[in-house]
Amino acid sequence: SSGINAEYGVCPVGRACSLEERKEFFEFDKVHKLREKFVLALKNKFPDLGMKYSIGGQISFDCFPIGWDKTYCLQYIEKEFDEIYFYGDKTYVDGNDYEIYNDSRVQGRTVTGPDDTISQVTADLQRLGI
């Protein structure tokens with residue numbers, strides 16, 4: 001264990017960026033994969049730190065102790081429900097939805113945006129008779 005008991009949010013463009021700068025960085029990052037490269041560099045530089053790195057949103061990524069991902073909540077709800085559904089857009093490796101999307105206790109769904117989320121949730125509720 002690293003002894004690190006905190007989550008760090010890293011934002012290469014800066015949290016105080018304007019909406020225009022946010023959009024520009026998001027488009028730049030889609031092409032140049034700056035956050036992916038940053039995460040890879042941290043993994044390579046600090047392989048024994050016991051940290052997980054997760055890309056989320058448009059401008060940042062998170063660093064946190066292994067086990068502090070979105071699956072953490074499941075220990076509190078898994079016995080209360082027969083089925084647990086999760087809808088997320090960053091379900092790929094190093095995405096901030098990856099671990100919970102792939103957890104065996106969850107039925108994971110990849111969504112592309114708010115309209116797709118509504119569509120998939122509606123379909124699941126109809127299938128469940130709700």
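A nonpolar core is a set of buried (under 20% relative accessible area, 1.4 Å probe, protein chains only) Ala, Val, Leu, Ile, Met, Phe, Trp, Tyr and Cys residues joined through side-chain atoms within 4.5 Å. This is a predicted model, where local features need pLDDT of at least 70, side-chain atom pairs count only at pLDDT 80 or more, and totals for chains, interfaces and linings use all residues. Residues are numbered from 1 along each chain as its sequence is written, and side-chain values use heavy atoms, leaving out hydrogens and water.

**Exercise 1.** Find the residues of the largest nonpolar core and the elements that supply them.

*Solution.* 
- Step 1: list the 7 residues, which are Val-39, Leu-42, Met-51, Tyr-53, Ile-55, Phe-61 and Cys-63.
- Step 2: look at helix H2 (34–45), S2 and strand S3 (60–65), each supplying at least two residues of this core. Helices (H or I, at least four residues) and strands (E, at least two) are DSSP runs, numbered from the N terminus.
- Step 3: pick out S2, which gives the most to this core, with 3 residues.

**Exercise 2.** Work out how confident the predictor is, using pLDDT (its confidence in each residue, from 0 to 100).

*Solution.* 
- Step 1: start with the protein average, a pLDDT of 92.
- Step 2: compare strands: confidence is lowest in S2 (residues 51–56), at a mean of 88, and highest in S5 (residues 107–110), at 98.

**Exercise 3.** Decide whether Ile-130 is buried or exposed.

*Solution.* 
- Step 1: locate Ile-130 in the segment after helix H5 (114–128).
- Step 2: Ile-130 counts as exposed (over 50%) because its relative accessibility is 70%.
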